[in-house]
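Look over the sequence and the model that follow. The walk-through starts at one side chain and works its way through the chain from there.

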Amino acid sequence: MAIWEIVRITVPEGKQGEFETVVRSHLPILEEDRGCLDAILYRAIDKSGTLLLCVQWESMEYHAEVFMKTEGFAKFTSSMAPYFVDTPEVLHADAVINGF
């Protein structure tokens, strides 16, 4: 069953654009991974510097037991890490209501 990894990230004031560029430039890592189904980056409009990175995986097991042990995972996360104000909050969720 597909799941969403939802990561709340806070970046320093004035660095949001740089962070978005870094994420965009590293999206091919996710796109090329067979277990990654989708990725969306949301910018909070009511809380400056807060973003939500939402990545859909084929399963929780694939994300945790396969992808997180790859060089791609290390490269993707290390590219974002310099922008973290604090440790990102990570949640995993499955859709219980999907639209109207």
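Is R34 buried or exposed? At 61% relative accessibility, R34 counts as exposed. Keep in mind that this is a predicted model.

R34 has a charged partner. Its side chain meets that of E58 in a salt bridge, 3.5 Å from N to O. E58 lies in the loop between β3 and α2 (60-66), and R34 in the loop between α1 and β2, so the pair ties together parts that are 24 residues apart in sequence. E58 counts as partly exposed, at 30% relative accessibility.

Now step to D33. This residue is found in the loop between α1 and β2 (36-43). D33 is buried, yet it has no salt bridge. The nearest side chain of opposite charge is R34, and it is 6.3 Å away. What does the side chain of D33 have within reach? One of its polar atoms lies 2.9 Å from the backbone nitrogen of G35. Not counting residues up to four places away in sequence, D33 also touches W57, Y62 and F67.

The largest nonpolar core has 19 residues. F19, L30, L53, W57 and F76 touch the most other members. Four elements each supply at least two residues of this core: β1 (3-10), α1 (16-32), β3 (50-57) and α3 (71-80). Which of the elements gives the most? That is α1, with 5 residues. In soluble globular proteins, nonpolar side chains tend to be buried together.

L53 is then in contact with E5, I6, V7, I9, V23, I40, L41, F76 and M80.

An α-helix has 3.6 residues a turn, so residues three or four places apart point the same way.

A search of the whole structure finds 4 salt bridges, and the pair of E58 and R34 is one of them. Another joins E89 and R8, with the closest N and O atoms 3.2 Å apart. This pair links distant parts of the chain: E89 sits in strand β4 and R8 in strand β1, 81 residues apart. Both ends are partly exposed. E89 has a relative accessible area of 37%, and R8 has 31%.

R43 and E20 form a further salt bridge, at 2.7 Å from N to O. R43 is in strand β2 and E20 in helix α1, 23 residues apart. E20 is buried, with a relative accessible area of 13%.

Finish at D94. Its place is in the segment after β4 (89-93). D94 is partly exposed, with a relative accessible area of 39%. Which residues does D94 contact, leaving aside its neighbours within four places in sequence? They are M1, A2 and I3. T10 lies elsewhere: the C-alpha atoms of D94 and T10 are separated by 23 Å, and the two are 84 residues apart along the chain.

Key:
Residues are numbered from 1 along each chain as its sequence is written. This is a predicted model: local features need pLDDT of at least 70, side-chain atom pairs count only at pLDDT 80 or more; totals for chains, interfaces and linings use all residues. Side-chain values use heavy atoms; hydrogens and water are left out. A nonpolar core is a set of buried Ala, Val, Leu, Ile, Met, Phe, Trp, Tyr and Cys residues joined through side-chain atoms within 4.5 Å. Buried means under 20% relative accessible area, exposed over 50%, partly exposed in between (1.4 Å probe, protein chains only). Contact means heavy atoms within 4.5 Å. Lys and Arg count as positive and Asp and Glu as negative; His and the chain ends are not counted. A polar contact is a pair of N or O atoms within 3.5 Å; within protein, one must be able to donate a hydrogen and the other to accept it, and residues adjacent in sequence count only if both atoms are side-chain atoms.
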